[in-house]
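Take a look at the sequence and the fold below. Then work through the briefing.

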Amino acid sequence: MPRTALRICPLCEATCGLTLTIEGSKVTGARGDREDVFSRGFICPKGAAFGALDADPDRLRSPLVRRGGRLEEATWEEAFEAVAAAVPALAREYGAQSVGVVLGNPNVHTMAGQLYPPLLLKALGTRNLFTASTLDQMPKHVSSGLLFGDPFAIPVPDLDRTDFLLLLGANPLESNGSLCTAPDFPGRLKALRARGGTLVVVDPRRTRTAQLADRHLAPRPGSDALLLAALAHTLIAEKLTALGELAERTEGFGELSGALASFTPEAVAPACDLPAEEIRDLARALAAAPTAAVYGRIGSSTVEYGTPASWLVDVLNVLTGNLDRPGGALFPLSATDRAPRPAGPGKGFGLGRWHSRVSGHPEAKAELPMAALAEEIETPGEGRIRVLVSIAANPVLSAPDGRRLDAALAGLDFMISVDPYLNETSRHAHVVLPPPPPSQSAHFDFSFNGFAVHNQVRYSPPAVPLEEGRMDECEIHARLVLAVSGMHGAEPAAVDDLAIRTTLARETADPYSPLHGQDPARLAGLLTGATGPERRLDLMLRTGPYGDRFGVPADAATDADAGTDIDARARARAEAGAGAGAGGRSPGLGLERLLAHPHGIDLGPLRPRLPGVLKTRSGRIELLPDPIAAELPRLRAALADRPAALVLVGRRHLRSNNSWLHNVPALTGGSNRCTLHVHPDDAARLGLTDGGLARVTADGGSLEVPVEVTDSVRTGVVSLPHGWGHDRSGTRLSVASATPGANVNQLLDGTRLDPLSGTAVLNGFPVELTPLP
């Protein structure tokens, strides 16, 4: 008889709750969980295809080990023995910096990908970390770090209560949101308009989101920072700023006024290709709204001035008094965040603590640009990367100049890939360690709950038992940590035990922790959970802001000083269904409580959190940080730039997520196609025809792609989606390789970067088009 099981969808940032239908050990259906406290039954085509992805016959079932130049199936023991024999020896011979680590986007969608990479990096001792962040969101981390002192303190729009929402470079009706976790983003935007609110979309394409908007501005791609600077200038010049309570928590307002003086609407209008009066009207509407939020994403991030644009998004939220305000942009409080500490000056956020070996790129958030990976492998000399650990990553498709990286990977001394597929990147590995299908893994959103538009917490145990011959993904990671650190053969539970001891030692030694002075061994013995990862989750929940703290009373003064109202926290726990404990306090969260609520626990709407989130050296919002001030002259010079005649931008597909889902038949075809969108006027001028072929040429080379003539893009702009190019030999992606598409990132040579964040410029770069017969 079929049965059902609950599961949080791991296929995008919306984290919708699913109800799976299971026959035997096979997922035969997926629908939205109507009782889920966050998604309330919403589901998109990706979630509906969960079963097809889970059962994809191309998923690897056993490890692969390279023997005689060929990848062959091997036992788990053989695979980890190969790792243990190679990596420690090479690291000893060539040094720790000869090892590089690449983390792909799917890591933030799994428990293993969040819990173990930090332990792996510590075991390796390398600074050569490359992640998908420098292909996507690093500008936001850098700007938040500079403004607030914490690169993870990223405010999100209060979608359910705002009166005015300004979206830049975001298409949540297709992407489901990014750095803004919001199930049913389309429904929330429709609800905004239904309650009389205003939606303004800034995008060079008339996306589905733009079609929903009250107002759509289509500027020249890459000009977002100039537009935002003009909006901020107008607010200041026309005395429309209203910082309110933020005034006493902010420094640098006077300097900001001078720094933005030259960015008048008239000055930026030619570069943005928007009328000056339209820019001024938008600034006035933003200021006049009862509440408002400005939100920018990948289209305003993966551009030459991505960090200034990300900074200006929050400058506008500050200038209008909407930062940390209901209906504005607020800082979520995840159940696995550390419990609040007293507010006050922190260590701040710095850039360039070290630099890449070849081109000298500064680190940002302990990461180097993904665009620099190929040169770090292929350039001879001390510190050359000889060993690479790639976890859930496919940079041959996702990073600039995949051909160069493809060739570089072939020259590695040793490569490990943790990946369920033999794809364009993992085909180079000496050892491939495949995790099981998602139905066989537990799930908790450590990352996305920190960007959620409503505070909540949910956990999914495995929906079906681990299949014979498979290894749990967390165990794979734990054994990998042991193998590279010379501890192959030790029990994987030792990795989790060490993480628990380290966390408890820190908490009990911290005078501001409610666990200060407690016995770490006693507390460790109180943890619940059937596995090491569950015990670690239990620890994070219990020591977090809503946690039961092992029953240790908290110091009310500590909570109050941290800028978090202890009564509000108690109310949040009460709203979650917690009964009063000793002394009238809620017993709070722990794993057992979470397991008792399979549809999740509602922790209440977002609440103001300043000044507690601030970790700047001043203890205030630093409105004009030095690195940003130093970057503004370069932005100012862009006012005089002569724009390229034709530039390219990417686009999202609702039924795709980067290169992940192109091997699932149910998610292919229809609008999910790799075509070049060209405006009719540009097509006529260039001699292009709908359905014909065009050669696209840019810094990194050229591609031949089918043309789709459409007025959904503005003139002077063409669009090609990201994540395609499944045409290399040696992969096992039967569906994707049948319709490979073209890799848009091959048009880039990796030299175009946002300098502050090291993020590759994937949008708004110049191209030339030639019609092909």
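Why is strand β10 (residues 198-202) largely enclosed by the rest of the structure? Because 4 of its 5 residues are buried, meaning under 20% relative accessible area with a 1.4 Å probe, protein chains only. Strands here are DSSP runs of E with at least two residues, and helices are runs of H or I with at least four, numbered from the N terminus.

This is a predicted model: local features need pLDDT of at least 70, side-chain atom pairs count only at pLDDT 80 or more, and totals for chains, interfaces and linings use all residues. Residues are numbered from 1 along each chain as its sequence is written, and side-chain values use heavy atoms, without hydrogens and water.

**Around β10**
- Strand β9 (residues 164-168) runs parallel to β10, joined by 5 bridges. Two strands pair if DSSP finds at least two bridges between them.
- L166 has V200 as its bridge partner in β10.
- Strand β11 (residues 215-217) also runs parallel to β10, with 3 bridges.
- V202 stands opposite L217 in β11.

**The seven-stranded sheet**
- An open sheet of 7 strands has the order β5-β4-β17-β16-β15-β6-β7, with mixed pairing.
- β5 (70-73) and β7 (129-131) stand at the edges with a single partner strand each, so one side of each has no neighbour in the sheet.
- β4 and β17 pair antiparallel over 2 bridges, and V65 has V431 as its bridge partner in β17.

**Helix α3**
- W76, F80 and L90 are among the buried residues of α3.
- The buried residues of α3 pack against elements including β4 (64-67) and α19 (473-484), where contact means heavy atoms within 4.5 Å.
- G95 follows α3 and has a positive phi, near 95°.

Conventions
Buried means under 20% relative accessible area, exposed over 50%, partly exposed in between (1.4 Å probe, protein chains only).
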